[in-house]
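User: Hi! Could you walk me through this model with a few questions and answers?

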Amino acid sequence: MTDKTGDYSDTNGLESKTPFLIGVAGGTASGKSTVCQRIMEKLGQQHKDHAERRVVCISQDSFYRSLNPAERLRAERGQFNFDHPDAFDDKKLLAVLKDILAGKKVDIQEYDYVNNSNSSLTHTIYPADVVLIEGILVFYFPEVRDLFHMKLFVDTDSDTRLARRVPRDIMERGRDLEQVLNQYMNFVKPAFEEFCLPTKKFADVIIPRGADNLVAIDLIVHHTWDIMYKKRPGARLVNGCGGEDEATNG
Ligand code: UZR
Ligand code: MG
């Protein structure tokens with residue numbers, strides 16, 4: 001199979017080297033997605049065509065399992081616990097990450113928060129040098145956790161997170177205030193304390209203040225760059241951090 005990545009993947013769609021897998025965990029609205037975006041920007045990838053990206057980001061939200069009719073009804077009433085590990089299809093996440101590590105092209109379904117289910121939209125993740133996986137429980141499942149080459153935990157105060165979560169759920173995820181606060185108190189906060197926070201100990205780097213922490217992001221980007229480019233000459237990042245252009249664009 002030859003795709004737009006040109007000589008980067010071989011004719012079987014199998015890549016000759018292993019992408020650098022970065023897990024990004026943290027509580028709801030901690031800034032996980034923004035941290036990932038900043039890392040991608042700094043590696044000069046953000047505006048590249050999908051097939052040409054050497055750094056890609058996947059959300060754990062794409063791996064919510066499908067709900068049965070009774071669960072669906074509970075979800076509509078705000079009575080389904082989306083913050084519990086059981087809400088996820090960890091086997092699927094594991095299989096997809098293994099495919100990514102094997103250099104295969106994978107299709108990821110986008111999640112639709114308004115309908116609490118996977119949407120029909122899929123996007124293709126092409127073989128990349130760096131793959132970021134962000135989600136509240138990406139370090140919860142041991143087999144998944146063990147696949148990451150670097151683990152980041154975005155550590156943002158819970159009042160800050162709640163203050164961000166409320167407008168986001170109302171504006172982007174079609175909820176009303178009462179629903180958001182009830183869900184937060186009944187599910188989001190207790191599950192954070194029981195399942196997410198204890199996974200902080202698995203992190204290699206804890207990022208206080210999330211995406212505002214430009215120094216931490218810079219350090220992570222430089223470390224990633226070092227590993228991907230200097231220590232693994234086979235890897236070819238484009239427009240590297242700090243504006244170095246010694247890397248070739250494959
Ligand atoms: P982040 N979530 C929804 O709001 N609706 C769904 O259908 C599925 C998930 C929420 C989930 C969790 N909780 O707190 C949050 N609820 O998405 C995780 N309720 O996403 O890390 O971006 O906050
Ligand atoms: Mg998110």
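**A walk through the predicted model**

User: Where does D61 lie?
Analyst: Happy to start there, with the reminder that this is a predicted model. The elements on either side of D61 are β2 (55-59) and α2 (69-76). D61 lies in the loop between β2 and α2.

User: Which side chain of opposite charge is nearest to D61, and how far away is it?
Analyst: D61 is buried and has no salt bridge. Leaving aside neighbours within four places in sequence, its contacts are Y111, Y113, N118 and R173. A salt bridge needs a side-chain nitrogen within 4 Å of a carboxyl oxygen. The nearest side chain of opposite charge is R173, at 4.4 Å.

User: How many disulfides does a search of the whole structure find, and what is the cysteine sulfur nearest to that of C57?
Analyst: The search of the whole structure finds 0 disulfides. C57 is in no disulfide, and a disulfide would need the two sulfur atoms within 2.5 Å. C57 is partly exposed, with a relative accessible area of 26%. The cysteine sulfur nearest to C57 is 3.8 Å away, in C36.

User: Why is C196 too far for a bond to the closest cysteine sulfur?
Analyst: C196 is buried, with a relative accessible area of 3%. The closest cysteine sulfur belongs to C36. The bond is ruled out because the distance between the two sulfurs is 14 Å.

User: Which element gives the most to the largest nonpolar core?
Analyst: The largest nonpolar core has 39 residues, and those with the most contacts inside it are L21, I58, L97, I100, V131, I133 and F148. At least two residues of this core come from each of β1 (20-26), β2, α3 (90-101), β3 (106-112), β5 (130-134) and α6 (177-196). With 6 residues, the element that gives the most to this core is α3.

User: How many aromatic pairs does a search of the whole structure find, and what are the angles for Y64 with F88 and for F80 with F82?
Analyst: The search of the whole structure finds 8 aromatic pairs. Y64 and F88 have ring centres 4.3 Å apart and planes at 20°, so this pair is stacked. The pair links distant parts of the chain, 24 residues apart, with Y64 in the loop between β2 and α2 and F88 in the loop between α2 and α3. F80 and F82 have ring centres 4.9 Å apart and are edge-to-face, because their planes stand at 65°.

User: Is N116 buried or exposed, and what is its phi?
Analyst: N116 lies in the loop between β3 and β4 (117-125). At 12% relative accessibility, N116 counts as buried. Its phi is positive although the residue is not glycine, with a value near 50°.

User: What is the phi of R209?
Analyst: R209 is found in the loop between β7 (205-208) and α7 (214-230). R209 is a residue other than glycine with a positive phi, near 65°.

Key:
Residues numbered from 1 in each chain as written. Chains lettered and ligands numbered in written order. Predicted model: local features only at pLDDT ≥ 70, side-chain atom pairs only at ≥ 80, totals over all residues. Heavy atoms only, no water. Helix = DSSP H or I, 4+ residues; strand = E, 2+ residues; numbered from the N terminus. Buried < 20%, exposed > 50% of the residue type's maximum accessible area, 1.4 Å probe, protein only. Lys, Arg positive; Asp, Glu negative; His and termini not counted. Contact = heavy atoms within 4.5 Å. Core = buried A, V, L, I, M, F, W, Y, C linked by side-chain atoms within 4.5 Å. Phe/Tyr/Trp six-rings, centres within 6.5 Å; stacked < 30°, edge-to-face > 60°.
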